[in-house]
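Subject: Structure handover and notes

Hello,

Here is the structure I said I would pass on.

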Amino acid sequence: MNRQNGVSQSSLKTPRLGVVPQTGPSNADLTSIFECPVCFDFVLPPILQCSSGHLVCSNCRPKLTCCPTCRGPLGSIRNLAMEKVASTVTFPCKYVTSGCEVTLPHTEKAEHEESCEFRPYSCPCPGASCKWQGSLDAVMPHLMHTHKSITTLQGEDIVFLATDINLPGAVDWVMMQSCFGHHFMLVLEKQEKYEGHQQFYAIVQLIGTRKQAESFIYRLELNGSRRRLAWEATPRSIHEGIASAILNSDCLVFDANIAHLFADNGNLGINVTISMVS
């Protein structure tokens with residue numbers, strides 16, 4: 001073994017350079033390439049491009065006459081490569097800025113956002129006249145400021161009095177009930193059906209989330225001379241609204257003849273009881 005200056009050559013080692021592992025783009029990097037140049041939401045399948053390869057989301061596309069990036073014709077060219085990439089990426093919920101931390105495949109995104117608890121709440125008053133939207137905490141202040149005519153009763157057992165039920169046309173009666181530290185909205189809706197046939201729908205919704213609504217049961221009861229008609233169910237969250245419940249008759253339903261059996265001089269009293277699920 002050769003030695004120089006008392007040091008064995010076999011002990012002299014050439015230092016190895018550090019090797020940086022190769023990693024692909026992050027999920028955030030991939031989602032950024034799907035950003036719509038108009039609304040900054042995501043371009044999701046089916047993905048169409050202009051002749052130059054630029055993308056725009058399906059919500060903005062019908063509103064445009066040319067590509068927002070190159071001003072060329074939009075065309076109807078499918079970008080299958082981008083659609084394939086999209087299937088490997090998880091996208092954040094559109095309400096991420098409101099606090100939602102969910103990321104999910106594009107195939108599940110729309111369904112999640114429809115029921116996301118961070119989605120803005122709409123005004124729960126029936127009808128389409130009020131377009132207000134805001135946070136859950138802002139719903140009651142909105143109702144008290146904008147819809148001052150709504151009466152609020154305190155207690156677990158109240159009587160919801162709907163006056164002048166013989167009024168023609170579609171009519172809504174609304175009342176608030178406060179108990180268990182929550183506010184409930186009681187709605188009686190009359191709809192005009194075929195050939196003047198009238199149908200009544202009574203339902204309770206919670207000014208709260210779906211999860212909170214699951215903690216309660218409401219009971220609606222019509223009482224008359226040797227007659228009783230009752231309905232019991234879980235309140236709807238105002239996030240769900242009442243339109244689908246009424247459409248599916250998932251509430252107390254009765255026609256004008258039944259209403260007249262229980263009414264007194266055109267006024268209909270509905271006993272409302274709210275209780276907590278044990």
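This is a predicted model: local features need pLDDT of at least 70, side-chain atom pairs count only at pLDDT 80 or more; totals for chains, interfaces and linings use all residues.

Domains

The protein is split into domain 1, covering 27–115, and domain 2, covering 149–276. Taken over C-alpha atoms, the centres of domain 1 and domain 2 are 42 Å apart. In an unreviewed entry, UniProt lists residues 36–71 as "domain: RING-type". That span is 0% helix and 6% strand, and its end C-alpha atoms lie 15 Å apart.

Strand S11 and its partners

Strand S11 takes in residues 171–179. Seven of its nine residues are buried, so S11 is largely enclosed by the rest of the structure. Strand S9 (residues 151–154) runs parallel to S11, and four bridges join the two. Within this pairing, Leu153 stands opposite Gln177 in S11.

Strand S12 (residues 182–192) runs antiparallel to S11, with nine bridges between them. Here Met176 faces Met185 of S12 as its opposite residue. S11 and S12 form a hairpin with two residues between them. In the turn, Phe180 has a positive phi of about 55°.

Aromatic pairs

How many aromatic pairs does a search of the whole structure find? The search finds six. One of them is formed by Phe184 and Phe216, an edge-to-face pair with 5.2 Å centre to centre and 85° between the planes. Phe184 belongs to strand S12 and Phe216 to strand S14, so this pair ties together parts that are 32 residues apart in sequence.

Phe200 lies in strand S13 (residues 198–206) and Phe254 in strand S17 (residues 252–255), and the pair links distant parts of the chain, 54 residues apart. Phe200 and Phe254 are both buried.

Ring pairs also link Phe34, Phe42 and Phe91 into a cluster.

Glu221 lies in strand S14, which spans residues 216–224. Its relative accessibility is 13%; the cut-off for buried is under 20%, so Glu221 counts as buried. The Glu221 side chain makes a polar contact with the side chain of Arg219, at 2.9 Å. Not counting residues up to four places away in sequence, Glu221 touches Arg228, Leu229, Ala230, Gly269, Ile270 and Asn271.

His147 is placed in the loop between helix H4 (139–146) and S9. Which residues is His147 in contact with, leaving aside its neighbours within four places in sequence? They are Cys123, Cys125, Cys130 and His142. With 17% relative accessibility, His147 also counts as buried.

Backbone details

Most residues other than glycine have a negative phi, and most peptide bonds are trans. The following places depart from that pattern.

- The peptide bond from Pro45 to Pro46 is cis, with omega near 0°. Pro46 is found in the loop between helix H1 (27–32) and strand S3 (48–49).
- Arg71 has a positive phi, near 65°. This residue lies in the loop between S3 and strand S4 (77–78). Is Arg71 buried or exposed? Arg71 is exposed, with a relative accessible area of 60%.
- Arg226 has a positive phi too, near 55°. Its position is in the loop between S14 and strand S15 (227–233). At 87% relative accessibility, Arg226 counts as exposed.

Phe180, in the turn between S11 and S12, also belongs here with its positive phi of about 55°.

Regards

Conventions. Residues are numbered from 1 along each chain as its sequence is written. Side-chain values use heavy atoms; hydrogens and water are left out. Buried means under 20% relative accessible area, exposed over 50%, partly exposed in between (1.4 Å probe, protein chains only). Two strands pair if DSSP finds at least two bridges between them. Domain bounds come from an automatic or database domain assignment. A polar contact is a pair of N or O atoms within 3.5 Å; within protein, one must be able to donate a hydrogen and the other to accept it, and residues adjacent in sequence count only if both atoms are side-chain atoms. Contact means heavy atoms within 4.5 Å. UniProt positions are given in the numbering used here, feature names are shortened, and annotations may be inferred rather than shown by experiment. Rings of Phe, Tyr and Trp (its six-membered ring) pair if their centres lie within 6.5 Å; planes under 30 degrees apart count as stacked, over 60 as edge-to-face and the rest as tilted.
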